[in-house]
There are 2 protein chains.
Amino acid sequence: MLSIVRPVLLLDEQRVRQNISRMVNKAKHHGVAFRPHFKTHQSAEIGGWFRDFGVKKITVSSLQMAYYFAESGWKDITIAFPVNVCELNQIQDLASTVHLNLLVSSSEAADILARDIKTDTGIFIEIDTGFKRSGMDVDNIDAIEKILIRIGTNKYLRFEGFLTHTGQTYLAAGPEQIRSISAETYAQLRRLKEAFHSAYPHALISIGDTPGCSVMDDFSGIDEIRPGNFVFYDLMQLQLGACQPDEVAVAMACPVVAVYPERNEMIIYGGAIHFSKEFITIPEKGPVFGMMVYLRKEQFTEPDPDIWISKLSQEHGTVRTVPHQAAHFSVGDILYFMPVHSCLTANLMREYHTLSGEIIQTMNS
Amino acid sequence: MLSIVRPVLLLDEQRVRQNISRMVNKAKHHGVAFRPHFKTHQSAEIGGWFRDFGVKKITVSSLQMAYYFAESGWKDITIAFPVNVCELNQIQDLASTVHLNLLVSSSEAADILARDIKTDTGIFIEIDTGFKRSGMDVDNIDAIEKILIRIGTNKYLRFEGFLTHTGQTYLAAGPEQIRSISAETYAQLRRLKEAFHSAYPHALISIGDTPGCSVMDDFSGIDEIRPGNFVFYDLMQLQLGACQPDEVAVAMACPVVAVYPERNEMIIYGGAIHFSKEFITIPEKGPVFGMMVYLRKEQFTEPDPDIWISKLSQEHGTVRTVPHQAAHFSVGDILYFMPVHSCLTANLMREYHTLSGEIIQTMNS
């Protein structure tokens with residue numbers, strides 16, 4: 001039974017399992033390897049649910065997260081973040097016990113790894129297909145080739161392939177644009193693979209973004225997918241058209257602490273330290289930090305378009321409604337909100353409460 | 001000695017003590033009580049530094065925080081957040097062991113407390129002087145009077161006074177505007193005090209915002225100040241003109257993981273889960289999530305105007321520079337960044353490293 005007295009991140013276990021099942025089956029159907037990103041849930045227990053579907057390889061975003069999941073039995077881990085050379089000693093300790101893959105995102109990092117690594121380690125070269133965050137420019141074949149040659153000088157380094165995060169899809173206007181960005185990225189990666197095929201015939205192509213993995217139905221040339229956010233989805237993914245409302249598996253439960261019907265607002269216990277300050281922008285609403293849903297028949301409904309979080313401070317959330325709506329709520333009510341970005345909210349909340357009241361721990365609990 | 005391999009929140013203990021000392025002396029000079037807000041540092045050890053300056057009363061923002069500081073010996077605590085009636089049982093447990101003050105921010109909450117509280121508890125009525133977050137409208141004397149009458153029906157409730165958070169000052173263009181907003185607020189509160197003086201001669205006036213407490217030099221009519229952020233300050237306070245660069249006592253240390261000189265950018269290990277997504281806007285830079293400082297002679301310098309964080313994802317920070325500057329940095333370098341909002345950054349980081357390498361825990365460690 002649920003007993004909520006302060007902000008809690010609720011999780012619909014059935015939806016999570018459905019989301020995992022759907023992505024596992026999609027990967028199987030398209031013949032691509034599935035290496036889900038665990039930075040979204042950060043939980044050994046939820047990791048176990050992936051195991052139930054036969055998943056054996058995972059992605060994480062930090063060495064600490066790699067250690068955490070290695071301790072819960074994961075043996076094949078990619079740290080999908082530009083290798084942090086300050087942690088090389090610990091990286092090598094971990095690589096001596098699990099199959100560990102690192103990302104090389106610049107020629108400088110390649111030089112350091114080629115010089116210093118003395119433990120068998122997999123290497124992905126990170127490729128930038130236009131997001132302009134980290135990675136080698138996909139068109140800079142010369143620079144990529146130099147990295148490959150440099151990596152080849154160290155017998156402990158095992159070149160695995162090319163990896164990209166198509167972050168551009170998070171800025172798309174809808175599924176059609178996600179598809180066109182993804183198709184263009186996949187075409188770039190196929191050309192890259194082709195360019196290196198004779199020298200590196202086994203090089204994999206690994207892609208990662210949840211919007212692309214969710215809406216694409218053609219993965220030609222792709223060998224591995226690494227979505228993470230799909231496990232919970234959220235308001236941002238819903239706005240992008242990357243998921244349906246009944247696929248969003250988390251909601252923040254927040255007590256109402258004040259109601260101001262005269263200004264169509266209420267204050268909830270639930271602020272930036274619970275939701276994060278991520279927002280989406282909705283025409284005529286402005287910045288939206290969460291939208292209200294209802295809990296009906298033990299399921300979250302789709303968002304109520306008339307009730308949303310318009311401001312967040314450290315522990316206060318200001319909930320805005322249409323005229324007269326606020327009068328229906330009382331101090332002490334528990335309201336439910338679909339978070340904007342489930343990864344950041346889960347990281348802040350550090351544990352989940354299932355709809356049956358079970359508490360699920362994370363690496364930060 | 002400092003040994004930094006991943007994102008760490010560095011703290012200059014000397015500056016923190018100077019910030020505490022300055023505010024303690026300011027309160028003494030103006031004859032106002034000092035009840036600092038501990039939501040910024042959330043640390044029993046840093047709380048101890050306030051004790052060194054004779055501080056005996058504190059402010060917190062949640063019942064959990066009140067419990068944490070009560071355990072480290074604080075006996076006089078105001079929870080400066082609209083009382084969460086879902087936690088009434090635990091609130092009464094705590095109130096039976098410490099002098100606890102709650103906030104009533106709506107008539108509904110007053111009714112519930114008047115009906116249910118059976119332990120001696122202090123009550124502040126929260127007043128809204130224009131921020132429009134929580135609290136009773138300062139001009140709605142009738143509604144405030146009804147709350148006072150309702151509170152008076154329960155012998156366990158002890159009316160302490162009127163409390164406000166002048167959040168408008170955080171939106172000010174500079175010190176002059178902070179002063180005018182504060183002066184106007186204080187005048188409103190003096191009128192309120194006057195209106196209730198004959199019936200409630202001992203009612204205190206308590207104000208809380210760091211910008212106002214930092215720049216004001218006339219606290220006429222004010223009985224208590226509750227600033228929090230001043231203990232560390234940050235980029236937002238610096239931009240507001242609420243502090244000087246040499247008063248900012250925290251900086252994030254982040255390893256460089258990739259350098260892209262051709263686009264004047266580098267990538268640091270340090271993202272939204274370290275800094276929070278709070279940003280300020282600087283003309284010609286756009287959103288700024290942190291600015292680089294240097295560590296010289298064991299002190300942080302003022303921000304370098306040419307190096308700032310322009311984007312944050314979960315663990316990546318994109319650092320933008322002026323042309324040719326990025327070429328001076330290497331993978332593996334440790335860079336230092338003044339955070340935009342030290343309260344949210346500290347809450348995420350959950351511990352501090354002093355410049356001499358000592359680790360300081362918080363309630364979330």
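The model is predicted, and local features are taken only where pLDDT is at least 70, side-chain atom pairs count only at pLDDT 80 or more, and totals for chains, interfaces and linings use all residues. Residues are numbered from 1 along each chain as its sequence is written, chains are lettered from A and ligands numbered from 1 in the order in which they are written, and side-chain values use heavy atoms, with hydrogens and water left out.

## The two chains

Two copies of a chain are related by a rotation about an axis and a shift along it. Here, chain A is superposed on chain B by a rotation of 180° with 0.0 Å of shift along the axis, at an RMSD of 0.0 Å, which is the relation of a two-fold axis. The superposition is by least squares on the C-alpha atoms of residues with pLDDT of at least 70 in both copies. Lys277(A) is the residue of chain A that comes closest to the rotation axis, its C-alpha lying at 2.7 Å.

With contact taken as heavy atoms within 4.5 Å, 59 residues of chain A are in contact with 59 residues of chain B. Of the interface residues of chain A, 100% are also interface residues in chain B, so the copies meet through the same surface. Buried area is the accessible area (1.4 Å probe) that two parts lose on being put together, summed over both, and for chain A and chain B this comes to about 4800 Å², with 52% of it on carbon and sulfur atoms. Phe81(A), Arg133(A) and Gln314(A) supply 14% of the area that chain A buries against chain B, more than any other three residues.

Five salt bridges are found across the interface of chain A and chain B, a salt bridge being a side-chain nitrogen of Lys or Arg within 4 Å of a carboxyl oxygen of Asp or Glu.

## The two domains of chain A

The domain assignment, whose bounds come from an automatic or database source, gives domain 1 (13-231) and domain 2 (245-361) in chain A. Their contact takes 15 residues from domain 1 of chain A and 18 residues from domain 2 of chain A, and the centres of the two domains, taken over C-alpha atoms, are separated by 33 Å. The area buried between these domains is about 1300 Å², of which carbon and sulfur atoms give 42%. On the side of domain 1 of chain A, Arg15(A), Thr40(A) and Glu45(A) lose the most area to domain 2, together 44% of what that side buries. One salt bridge is counted between domain 1 and domain 2 of chain A.

| Residue pair | Closest N and O atoms |
|---|---|
| Arg22(A) and Glu247(A) | 2.7 Å |
| Lys277(A) and Glu278(B) | 2.9 Å |

## Strands and helices of chain A

Helices (H or I, at least four residues) and strands (E, at least two) are DSSP runs numbered from the N terminus, and two strands pair if DSSP finds at least two bridges between them. Strand 1 of chain A pairs with strand 11 (residues 250-260) in the antiparallel sense over four bridges, and Val8(A) has Ala253(A) as its bridge partner in strand 11. Strand 1 also pairs with strand 21 (residues 351-354) of chain A, in the parallel sense over two bridges, where Leu11(A) has Thr354(A) as its bridge partner.

In a regular strand the side chains alternate between the two faces of the sheet. In strand 1 (residues 8-11) of chain A, Val8(A) and Leu10(A) point one way and Leu9(A) and Leu11(A) the other way, and all are buried, buried meaning under 20% relative accessible area, exposed over 50% and partly exposed in between (1.4 Å probe, protein chains only).

Helix 5 (residues 107-116) of chain A has Ala109(A), Ala110(A), Ile112(A), Leu113(A) and Ala114(A) as buried residues. Among the elements of chain A that cover the buried residues of helix 5 are helix 4 (88-95), strand 5 (99-104) and strand 6 (121-128).

## Residues in loops

His41(A) is placed in the loop between strand 2 (33-34) and helix 2 (44-52) of chain A, and counts as buried at 1% relative accessibility. Leaving aside neighbours within four places in sequence, the residues in contact with His41(A) include Phe50(A), Phe69(A), Phe232(A) and Tyr352(A).

Glu298(A), in the loop between strand 16 (295-296) and strand 17 (299-300) of chain A, has a positive phi of about 55° although it is not a glycine, and is exposed, with a relative accessible area of 62%. Arg350(B), in the loop between helix 11 (342-349) and strand 21 (351-354) of chain B, has a positive phi near 65° and is likewise a residue other than glycine, but Arg350(B) is buried, with a relative accessible area of 18%.
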